[in-house]
Amino acid sequence: MADILLIEDDAAIRTALSRGLRELGHAVSSSPTALDGLRLAVQDRPDLIVLDLGLPDLDGVELLRMLRAVSKVPVIVATARDGDAEMVPVLDAGADDYVVKPYSAAQLDARVRAVLRRSGESVPEPLAVGTLRVDPRARTATLDGAALDLTPREFDVLHYLAARPGEVVTKRELLTEVWQLPYGGADKTVDVHLSWLRRKLGETAAEPHYLHTVRGVGVKLVEPS
């Protein structure tokens with residue numbers, strides 16, 4: 001099972017594939033346009049993207065290049081074009097595989113599983129630190145069984161820290177891995193999001209339970225003693 005983003009402008013195809021993939025156990029989100037699909041890819045970080053080439057606002061190959069500039073997420077291209085002249089540039093642009101229309105959800109599921117095996121990606125398991133639970137597939141978090149109302153970026157920060165319990169993570173690492181800003185950025189952005197997270201975890205920097213600042217180094221997520 002995987003978290004799949006389907007970027008497809010045809011409403012009938014989008015609906016049928018989403019339903020079929022969900023019946024096969026996958027979590028599916030979808031978008032009818034390239035730019036909205038790019039936003040969802042960056043925001044939600046799916047396990048895999050299924051990308052239609054014939055999008056209304058941007059050519060699918062151009063979107064693929066944009067995706068590759070910010071993410072290594074596996075991409076399966078769905079297209080009506082099946083000749084080498086059409087598909088070689090798509091693979092060169094960074095596609096991991098392609099399927100030719102028409103195709104079924106079962107056929108796509110087989111491709112998804114094969115691509116994830118080749119890429120070494122596995123569906124992430126829920127994480128637990130104390131009574132804090134973080135589910136990367138559902139993108140939900142709970143504390144003492146109560147759901148936390150997190151923004152997408154707050155969830156990304158919490159998930160990154162929960163995957164490294166007890167490990168001190170620098171602000172620069174968070175900017176690089178969560179915000180994808182390898183060449184710099186505002187440390188204040190990290191401070192603000194950590195402050196918001198603390199508030200939602202029911203703690204403060206002065207009286208931490210889960211989020212502990214290591215002065216001059218970074219922050220770590222630990223099980224409360």
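Which residue in β7 is the bridge partner of Val 129? The legends below take up this point in the second view.

**View 1. A five-stranded open sheet with parallel pairing.** This is a predicted model, in which local features need pLDDT of at least 70, side-chain atom pairs count only at pLDDT 80 or more, and totals for chains, interfaces and linings use all residues. Residues are numbered from 1 along each chain as its sequence is written, and side-chain values use heavy atoms, with hydrogens and water left out. The strands follow the order β2-β1-β3-β4-β5; helices (H or I, at least four residues) and strands (E, at least two) are DSSP runs, numbered from the N terminus, and two strands pair if DSSP finds at least two bridges between them. At the edges stand β2 (27-31) and β5 (97-100), each with a single partner strand, so one side of each has no neighbour in the sheet. Direction ignored, neighbouring strands of this sheet are turned by 20° against each other on average. Strands β3 (residues 48-52) and β4 (residues 75-79) pair in the parallel sense over four bridges, and Asp 52 has Ala 78 in β4 as its bridge partner.

**View 2. A four-stranded open sheet with antiparallel pairing.** Here the order is β6-β7-β8-β9, and the edge strands, β6 (127-129) and β9 (146-147), each pair on one side only. Between β6 and β7 there are three bridges in the antiparallel sense, and the bridge partner of Val 129 in β7 is Leu 132. The hairpin of these two strands has two residues between them, and Gly 130 takes a positive phi near 60° there. Strand β7 (residues 132-135) also pairs with β8 (residues 140-143), antiparallel and over four bridges; Arg 133 has Thr 142 as its partner in β8, while Asp 135 has Thr 140. In the hairpin of β7 and β8, with four residues between the strands, Arg 139 takes a positive phi near 55°.

View 3. Helix α5 (residues 105-119) lies across β1, β3, β4 and β5, at about 170° to β5. Axes are lines fitted to C-alpha atoms, for helices over the stretch in contact (heavy atoms within 4.5 Å), and angles run from 0 to 180 degrees between N-to-C directions.

**View 4. The second largest pocket.** About 180 Å³ of space lies in this pocket, and among its 13 lining residues the closest to its centre are Lys 171, Asp 191, Leu 194, Arg 198 and Thr 213. A pocket is an open set of points on a 1 Å grid over the protein atoms alone, where a 1.4 Å probe fits, with protein on both sides within 12 Å along at least five of seven lines, and lining residues have an atom within 4 Å of a point. The volume is the space filled by probe spheres set on the points, which are joined across faces, edges and corners. Helix α8 gives the most to the lining, with six residues.
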